[in-house]
Amino acid sequence: MITDEPLLYVADYGNNRIEVFTANDGKVIKSIGNSNANEDDNLYLPYDVVLEMPSENDPYRIDYPILYVSDSKSRVQVYNADTGSLLRTVGCGHGFENGEL
């Protein structure tokens, strides 16, 4: 959802989701993170978000903003910020082995 109005993405730790608000008046736009039928894909106590906007120089030609969310399952969930759909998960739990965060 690329708009002229700035949006605010907030990690709603206690409700296991990301809330999206209009930055100017605080109107709720949508929630991201717990709409999947697979419980393992749902956010668990998210605490940090990063939004990457599309770039003309992107070699992958991705034309939508990407939302990265760290949660308390020691992983990063990657979402299409426009649709809220989960794209992939990075990391598989606590530890020092490959893939563990």
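With which residue does Glu19 form a salt bridge, and how far apart are the closest N and O atoms? The partner of Glu19 is Arg17, and the closest N and O atoms lie 2.7 Å apart. The model is predicted: local features need pLDDT of at least 70, side-chain atom pairs count only at pLDDT 80 or more, and totals for chains, interfaces and linings use all residues. Residues are numbered from 1 along each chain as its sequence is written, and side-chain values use heavy atoms, with hydrogens and water left out.

**View 1. Salt-bridge network of Asp12, Arg17 and Glu19.** Salt bridges (a side-chain nitrogen of Lys or Arg within 4 Å of a carboxyl oxygen of Asp or Glu) link Asp12, Arg17 and Glu19 in a network. Arg17 meets the side chain of Asp12 at 3.0 Å, N to O, and Glu19 at 2.7 Å. By relative accessible area (buried under 20%, exposed over 50%, partly exposed in between; 1.4 Å probe, protein chains only), Asp12 is buried at 18% and Glu19 is buried at 9%. Arg17, at 28%, counts as partly exposed.

**View 2. Salt bridge of Arg75 and Asp71.** The closest N and O atoms of this pair are 3.0 Å apart. Both Arg75 and Asp71 are buried. A search of the whole structure finds three salt bridges.

View 3. Strands (DSSP runs of E, at least two residues, numbered from the N terminus) are said to pair if DSSP finds at least two bridges between them. Strand β1 (residues 7-12) pairs with strand β2 (residues 17-22) in the antiparallel sense over six bridges. Leu7 has Thr22 in β2 as its bridge partner. Four residues lie between the strands of this hairpin, where Asn16 takes a positive phi near 55°.

**View 4. Hairpin of β2 and β3.** Strand β3 (residues 28-32) runs antiparallel to β2, and four bridges join the two. Ile18 stands opposite Ile32 in β3. The hairpin has five residues between its strands, and Gly26 takes a positive phi near 75°.

**View 5. Hairpin of β6 and β7.** Four bridges pair strand β6 (residues 75-80) with strand β7 (residues 86-90) in the antiparallel sense. Opposite Val78 stands Arg88 in β7. Five residues separate β6 from β7 in this hairpin, and Gly84 in the turn has a positive phi of about 80°.
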